[in-house]
Amino acid sequence: MVRTFKSKIDRWYHLLVWIILGLVFYSFWQRYVAFGIVMLIVFMFLVETLIHTEYIIDADGYLRVQSGFLPSYKINMADIEQIKYIRNNRIAYALSFERLQIITPYANRMLSPENPEEFIKEIRKYNHMIIVTK
C-alpha cells in the first residue's frame, strides 16, 4: 500500500512566499523588469515546493522524498536505524523547523511530515527495530 504524507508548513514559509510575491509586483510596477523576472522565478520555485513537498511510503519498503523541482531520493526503510525529533533551520526537504531526522548508516535526512506520529507508525510497519527519540 502506498501512503503519502505532505510536509508540515511553518508560517515563515508562507511569509517568505508573500514577500517574494510583493517584490514581483513592486519590481514590475517600478519597471525593474530583470529583477522582477528573477523574483518571479524564485516565486514559482517556492510555490512548487510548497505544493509538492511530500514523503511517499512505497509498498516495496522505500521512503521516497520529493520536493518541487528538487531531485527526489529514496531511503530503504530497512536501513533506518533511528528517528529523532529535532528543531533546526538547516536547508532540507522540509518546510518546517520542527523536523524528524532519519538516521541511516549512509546519511542523515531531515523531513517534516504534517503528522509525525502517524508517519513514524507507518515506517515502523516496515522496520520495527527503529529507535525513536524525542
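1. In this predicted model, the largest pocket has a lining of 16 residues, and those nearest its centre are Tyr-13, Ile-91, Ala-92, Ala-94 and Leu-95. Two elements, helix H1 (11–29) and helix H2 (33–52), each give two or more residues to that lining. H2 gives the most, with three residues.

2. The space in the largest pocket comes to about 250 Å³. Its lining residues divide into 11 nonpolar, three polar and two charged.

3. The second largest pocket has a volume of about 150 Å³. Its lining is made up of Tyr-73, Arg-90, Ile-91, Ala-92, Tyr-93, Gln-101, Asn-108, Arg-109 and Met-110. Strand E7 (residues 108–111) gives the most here, with three residues. By class, this lining has five nonpolar, two polar and two charged residues.

4. Ala-92 deserves a separate entry. Ala-92 is among the residues nearest the centre of the largest pocket, and Ala-92 also lines the second largest pocket. Ala-92 sits in the loop between strand E5 (82–87) and strand E6 (98–103). Its relative accessibility is 24%, so Ala-92 counts as partly exposed. Beyond its neighbours within four places in sequence, Ala-92 is in contact with Arg-99 and Met-110. Arg-109 lies 17 residues from Ala-92 in sequence, with the two C-alpha atoms 7.6 Å apart.

5. Seven salt bridges are found in the whole structure. One of them joins the side chains of Glu-54 and Lys-6, at 3.6 Å from N to O. Because Glu-54 lies in strand E2 (residues 53–57) and Lys-6 in strand E1 (residues 3–6), this pair ties together parts that are 48 residues apart in sequence. Glu-54 counts as buried at 15% relative accessibility, whereas Lys-6, at 32%, counts as partly exposed.

6. Glu-98 takes part in a salt bridge with Lys-8, with an N to O distance of 2.6 Å. This pair links distant parts of the chain, 90 residues apart: Glu-98 is in strand E6 and Lys-8 in the loop between E1 and H1. Glu-98 counts as partly exposed at 41% relative accessibility, and Lys-8 is partly exposed with a relative accessible area of 27%.

7. Glu-98 also forms a salt bridge with Arg-87, whose closest N and O atoms are 3.5 Å apart. Here the link runs from Arg-87 in strand E5 to Glu-98 in strand E6, 11 residues apart. Arg-87 has 58% relative accessibility, so Arg-87 counts as exposed.

8. A network of salt bridges links Arg-3, Glu-118, Glu-122 and Lys-125.

Key. Residues numbered from 1 in each chain as written. Predicted model: local features only at pLDDT ≥ 70, side-chain atom pairs only at ≥ 80, totals over all residues. Heavy atoms only, no water. 1 Å grid on protein atoms, 1.4 Å probe; cavity = no way out; pocket = protein on both sides within 12 Å on 5 of 7 lines; lining within 4 Å. Points joined across faces, edges and corners; volume = space filled by probe spheres on them. Helix = DSSP H or I, 4+ residues; strand = E, 2+ residues; numbered from the N terminus. Nonpolar A, V, L, I, M, F, W, Y, C, P; charged D, E, K, R; others polar. Buried < 20%, exposed > 50% of the residue type's maximum accessible area, 1.4 Å probe, protein only. Contact = heavy atoms within 4.5 Å. Salt bridge = Lys/Arg side-chain N within 4 Å of Asp/Glu carboxyl O.
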